[in-house]
Amino acid sequence: MSIDWESGHGPLSGPISAAGTALAVTYAGYVADVPPAWAGAVAAAGLVGHHIAGVQAKAPRGTLALRAAAWIGAGGWCSWALAGGPWSVHALGALAAGAVGLGTAMGGARTKATRAEQRAAEKLAEAERTRRRAGQRDLADQWVARIARVCNVSNCTVVGIEQWEEGGGYTLEGETPPGGATWRQIKNYEDGLAGDARLPEGCGVEVQQGVHRGAFLINVTTANALVGDVVYPQDYSPLSMNGPLPLGVHRDGSTFAPCLRQNTATTVGRKGSGKTNRMHLGLAGYARMTDCLPWVLDLNGGGLALPWLRAWHAAGRHGQPPIDWVADTPEKARAMCEALLRIAKARKPGYAQLMIEHDDDKLPVSPQVPGIVIAADEIAELYSHRARRDTTLRAAGDALLQVVELARAVACNVDAAALRATQDVLAEPQLVKQSGLKIGMKSDETELAYLMGWADRLNPQDAPYPGCGFAKELDEPARPFKAYRLKPTQIADIVAACSGRQPSLDALSREAAGEAYEHRWDGTAHLFSAAAPVVAAPAAAPAVEQPPAAPRRRDVTADWGKPRPEGAPDDEAAAAIRDADARMRQINASIEDASRRDPDLEAQARAIFDAGFGDGDEDGALGDAIDTARTRPEDPRKALVREVVAQAGPEGIGPEAIRDVLSRTRPDVDLPSPETIGRWLAADADVHRPRHGRYALRPRPAPSTSPAPPGVDVDLLCQAAELVVSTQFGSTSMLQRKLRVGFAAAGALMDALEHHGVVGPSDGSRARTVHVRPDGLDPVLARIRQTQNGGS
């Protein structure tokens, strides 16, 4: 028999095992003719041994009694079975009854033991809660006395204490007593409270407003969370300019992630404080955004942009660069700042209707209309007293100040950094005053007070290490934080992960930016490769190697730093821009030479845009110029490229493969470069990317055979179809001008054309995709007349 029948078994398997063992042992003894007394002796020995083992194991009395009963019952049955045989009906029935009884007893014992264990656990938990409540009461009493002692605010109430999940501190929630005391009276003594609490170096107290002006939250840091590096999270998922920009962590473990959609940012800090790392964190967030274009202004050789552009160059230059424009000389800085100012002024009237449609007084940014942020490192290069005496730098600085003052609503912003914010470094305090986000990296008390104000009573000892700082958003109290650490290897990872995510500058802004934007990459080869010469133009020898008849490329990934070949043909976008709006270029030229804030020039720009896009356009001169520019003859190679894409099917084909097909089928054609092919296809609304690096024609919806919604004149609809198909330009404003109809009527006509499969669906401010080629116009007009007239 087993020494412990219950060991390793439950109320079901235990009795079955014990009964089976007893039957097997008894049958063996019966065959061997063992005397019945031996079974009783063995059972007695097992009872004594099991009892002794149970007592030593501190088993409950009920368990000891159950085991003793089991041994006695088993021994009695075995003696009886040895005497008369184990296979009789009575013997087997008695064994089964005993097994059932044992199982029932075991189940009851186990339930009782479980309940006893639960009661014991509940007692321990209650004891722990009681201990914690007692500890929290003691801690609350300590802080009530501390606030009265340090802040002269007696009889405060602490209503709750919450330990931080990540450890390192806790938060007290309390209320001031009646009598007019506010949470700010306690905040003024943060440093004194930390000293009275004997907090370690690097730890401190932060007081914030509670649910009302008399309530407060006190964040108490008990472990120094700012001493070590906090690595930038390896999460490169898409971000938006409308959302948070992750920059670091606060002392309580919460993420420091402000939104720069509307707030200009100014970061100051001495050398080695982590200021440049903070700027790289901003670029990391902008690279992840699908609706933001970062520009870099760094007159120290463009150093801020180098890790990003060289990582992109080393990765094969896939997609667009992570930085859209770099200004590393005074002339380029002026061109960049004035271009952004022109964009800001053009966007206000140009996208007024878009803001109305979204019921917002701010421009709704998107991949089609992205925001623009100038990340300006060492901004004192523009705003020091010496820089203000330089005509070029002063013009750049004045334009950038106007962007800060005027462009908040149209998503043109500035993220600047300097060694100090005082006027001996930044001679224009307006930049700091207009900053909604102020960051002071490891600095002295005077500098922090000048940047954020004396009311916050900041203590540099609360952020004593490189990478630490204080951040103030609008009128909220400044808080210490630790910036993420971002190294070049992780910059390369971000560039690779975000390849193809960057948007392109919208047509309206690109036109306003002018030639400065189109030539922004001239003479910048040194930014991409350390081996490249740092000169304004590439060396003559490499230029000779290029085919003399190669078409001019002005895409962001082509012809970096190369001068335009003599006699090279213009690309379509440049020709359209030049031919579309001569009057706008005159205004832009005036803006470039004007002083700060010229309302007359803004009014002229607004009038021109109203003439081209508004309802009151009588002659439609600007719109006609744009339409004419858009319908200029295209490069015939575009049609060949499109034909190859169409033959490739839904899986698509890459630019290099397209060149290979053309070289075999059209050896007489001067092959366009892969970059030019990619630019052509990216601008073709009928083309999409089924996967990375491949282009295919979009599936077209089947034209409807039912009439469009009532209220659309069939003759006017046919005229609209003829205009759209012949010009290959699906613009509502064009229909409004050409057909002399109102905006609502033009929109209804465009919706009807979509219903008949002539154009694609609306895509924000972009012109609609035209699905019908000019040679297919007649069947479309016949189908429209047939369906609109009810099939007659």
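## Helix H10 and Met-355

Helices here are DSSP runs of at least four residues, numbered from the N terminus, and in this predicted model one such run, helix H10, covers residues 352–357 and includes Met-355. Met-355 has a relative accessible area of 10% and is therefore buried, since the cut-off for that word is under 20%.

Leaving aside neighbours within four places in sequence, Met-355 is in contact with Lys-348, Asp-360, Asp-361, Lys-362, Leu-363 and Pro-364. Another pairing spans a separation of 55 residues along the chain: the C-alpha atoms of Met-355 and Val-410 are separated by 9.8 Å.

In soluble globular proteins, nonpolar side chains tend to be buried together. In this model the largest nonpolar core has 55 residues, of which Trp-295, Leu-297, Ile-379 and Leu-382 touch the most other members. The element that gives the most to this core is helix H9, residues 330–350, with 9 residues.

Leu-297 can be followed through its own surroundings: not counting residues up to four places away in sequence, Leu-297 touches Ala-327, Ala-333, Met-336, Cys-337, Ile-374, Ala-375, Ala-376, Asp-377 and Leu-382.

## The packing of H27 and H28

Two packed helices are described by the angle between their axes and the distance between the axes. For helix H27, residues 714–727, and helix H28, residues 732–739, the angle is about 120° and the axes are 11 Å apart. H27 and H28 are therefore oblique to each other, because angles of 65 to 115 degrees count as roughly perpendicular and those over 145 as roughly antiparallel, with 120° falling between these ranges. The crossing of the two helices, H27 and H28, is right-handed.

On the side of H27, the contact is made by Leu-716, Gln-719, Ala-720, Leu-723, Val-724 and Thr-727, while H28 contributes Met-734, Leu-735, Lys-738 and Leu-739. Sorted by class, the contact of H27 with H28 has 7 nonpolar, 2 polar and 1 charged residues.

## The cover of H28 and what follows

H28 is mostly covered, with 6 of its 8 residues buried. The buried residues of H28 are Ser-733, Met-734, Leu-735, Gln-736, Arg-737 and Leu-739, and of these Met-734, Leu-735 and Leu-739 also take part in the contact with H27. After H28 comes Arg-740, whose phi is positive, near 60°.

How values were computed
Residues numbered from 1 in each chain as written. Predicted model: local features only at pLDDT ≥ 70, side-chain atom pairs only at ≥ 80, totals over all residues. Heavy atoms only, no water. Axes fitted to C-alpha atoms, helices over the stretch in contact; angles between N-to-C directions. Parallel < 35°, antiparallel > 145°, perpendicular 65-115°, else oblique. Left-handed = near helix turned anticlockwise from the far one by under 90°. Contact = heavy atoms within 4.5 Å. Nonpolar A, V, L, I, M, F, W, Y, C, P; charged D, E, K, R; others polar. Core = buried A, V, L, I, M, F, W, Y, C linked by side-chain atoms within 4.5 Å. Buried < 20%, exposed > 50% of the residue type's maximum accessible area, 1.4 Å probe, protein only.
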